[in-house]
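The sequence and the structure are shown first.

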Amino acid sequence: MTKVMVAMSGGVDSSVAAALACENGDEVVGVTLKLWGGESDSGCCSVSDVDDARRAADALGIEHHVFNLGEDFDEYVVAPYVKAHSVGLTPNPCIECNRHIKFDRLLNRAKALGFEKIVTGHHARIVKQKDKTFRIARAADEGKDQSYVLYMLNQEQISSLHLPIGEMTKDQVREKANSLGLRVATKPDSQDVCFITREKGRADFLRQRISLTPGKVVDENGSEVGQVEAIELVTIGQRRGMLLAGGKEPRYANNIDIESATVTVGNTDQLLVNQTEFRDPFWSSKKVEGELLVQTSAHGKPKLANLEDGLLVWKEAHSRVASGQSLVFYEKDQVIGGAIAI
Amino acid sequence: MDIYLDHAASTPVREEVIQAMMPWLTEHPGNPSGSHRLAREARRAIDDARDHLALLVGAEPGNVIFTSGGTESDNLAIDGILGAKGGQALCSATEHPAVLEPVRESGGIVAPTDDTGRVNLESLANLLDSFADISIVSVMMANNETGVINDINTIADLISEKTPETMIHTDAVQATSWLDIAETSKKAHLISLTGHKFGGPKGAGALILRNGVNLAPVIRGGGQERERRSGTQNVPAIVGLGEAARLMQVERLKINERVTRLRDKLENGLIDKISGVSRTLPKGTPRTPGIAHLCFKKIENEALLFLLEDKGIYASAASSCASGAQEASHVLQAMGVDLKTAGGSIRFSLGQTTTEEEIDNALIAVPSAVEQLREFEK
């Protein structure tokens, strides 16, 4: 019997993951992380999510604990998120949470407490290669695939991880929850960033933490064509919210200069680039060069590129990747590594 | 074997208490506010309990207000005095949230404590000098996390000398098992206690007043408890609370002596066996016998509690928030303990039912759990 710790968020995916771990005959303990102490869509301190997780654990007959990793979350996820916006970068809070919280703090704690593996409800699969190394692979449910946010896992981490719902579609997960009588069976999927409420949004969250600077919008010739309320909130590729005067065709933000509080806009063609620089490359097992598939956002389509001399050269011109965004490298449907766009 | 070392969170209900309560769950339907015989029976039962509490605290039975527990008693003390007299409330930084929250919400003053978590008399005196309208000062008798004891009578002397009109409230919830409340709360005007911290049931507590204290009700309705706390009394629980108070009067000293010895054995044993363990309170600090509050170097209390639970030992760290997660302790913060040290602190709390065998087992299990965690860290 394998002793496993299931990270239960209170959602249907991780609840079913826990159920499957039980069915697998593992010795299962559920854990919910208390990460954010402020407002969220599920109330202060996410109490209702913790309750949902606890009741799911009760229904499965497993023990359930709450770990408070709030300080780490503030330090490694929230503060960098705010910092990134303040300097005009696009943060990836879910990736940072996986990197520092779930697959570092939680995994280490699980090991220290004598658990062999942790189980999560991510929609992704783990595949073993001929050379015995592991890779994260896309989920059976393409639309729900979360392999992108798991690119930072190394061999040791992947070998300590179990992803039981990766082979299931979301509908199958809900059916399973329903057949087990779990009341989270119909709970809506969580959206976006867990520490930002739908009601108040990102702008309000950031306004309480950093001063936001109004900026001007210029075209490729440098003539002013509009304004933005906050330069820190503009993302590369953005089209709306820039109060653009006139214009026949849609224009997109293709450059953001925080220093001068200036957004440069242009048409689709001007947004396209042939290559993308990156930093902090990471490889799941070994370094790969040459042709690979690159995905530049959580639900984006992977595109072919050549990795040469530390530079990604796109096979076909690619829309500009926002600085700070994660680039995840795939071979077919398997994650082989990733990096952060400069 | 389950080793329950969380008596400061809640004590097991004593057998005598259960026996006293049972008839009031199974036989007697009466509402104590009614007028017929069955109602009068219920009335008599809660008035007998009132007598026991009055005796325990050295108060008039008519000044015992039954509540749903410590939180309600504390809220009623603060809001009730502010409601009746106006002015500002002041409390110490290490109070239970049941006091801190109403004080903060009313715009009151939170006084700093010294490094043992006891109210600092000098800063209290300064605050009394700088604010003219403090109508109530609330200082807990014994702290729920560390067990440190405030000398309420000395604090009361200081307050009466400076501002004689100020009411003094003490939350004696954690002291009832261990101290002679009648004596230690002699100069306080309002005293909170709750049954489940000394062998009684959950859901029954009391706010006890000294003669002449007026307070505005918080819960209004049928005017029960002499118009000070409306709502049909929880008869079985109040009967249980009364019985627990009666037992405490008789057995307190004996329990104290035994628990002090077991607590010292646990503390000394853990400090001997495990490196980097220290008492959170400096030696010689006045404290209740039931709590061994220890700091474990390079240990995360959440992880240690998890392993201890695996070994059948139930203890706690600081206080839990609504989600069930361990929160950083405001008590240790007020004492000036840094976050890292506080994050390695554990409260083992003993009580009337704690046995020598349990302590012996804890002295084996705790070191082995600490060793497992430290081994992993290497």
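In this predicted model, B:Thr194 touches B:Gly69, B:Gly70, B:Ser73, B:Val173 and B:Gly205, with residues up to four places away in sequence left out of the count. B:Thr194 belongs to strand E7 of chain B, which covers residues 190–194. Between the C-alpha atoms of B:Thr194 and B:Ser68 the distance is 8.2 Å, although 126 residues separate the two in sequence.

Is B:Thr194 buried or exposed? B:Thr194 counts as buried because it has 29 C-beta neighbours inside 10 Å, and 20 or more are required for that class.

Chain B also holds an open sheet of three strands, in the order E9-E10-E12 and with antiparallel pairing. Strands E9 and E12 of chain B are the edge strands, each pairing on one side only. On average, neighbouring strands of this sheet are turned by 30° against each other, direction ignored.

The elements of this region are listed below.

| Element | Residues |
|---|---|
| Strand E9 (chain B) | 277–279 |
| Strand E10 (chain B) | 291–296 |
| Strand E12 (chain B) | 345–349 |
| Helix H9 (chain B) | 235–273 |

E10(B) and E12(B) pair in the antiparallel sense over five bridges. B:His293 has B:Arg347 as its bridge partner in E12(B).

Helix H9 of chain B packs on the sheet and touches E9, E10 and E12 of chain B. The direction of helix H9 makes about 10° with that of E10(B).

Conventions:
Residues numbered from 1 in each chain as written. Chains lettered and ligands numbered in written order. Predicted model: local features only at pLDDT ≥ 70, side-chain atom pairs only at ≥ 80, totals over all residues. Pairing = 2+ DSSP bridges. Helix = DSSP H or I, 4+ residues; strand = E, 2+ residues; numbered from the N terminus. Axes fitted to C-alpha atoms, helices over the stretch in contact; angles between N-to-C directions. Contact = placed C-beta atoms within 7 Å. Buried ≥ 20, exposed ≤ 12 C-beta atoms within 10 Å, placed from the backbone.
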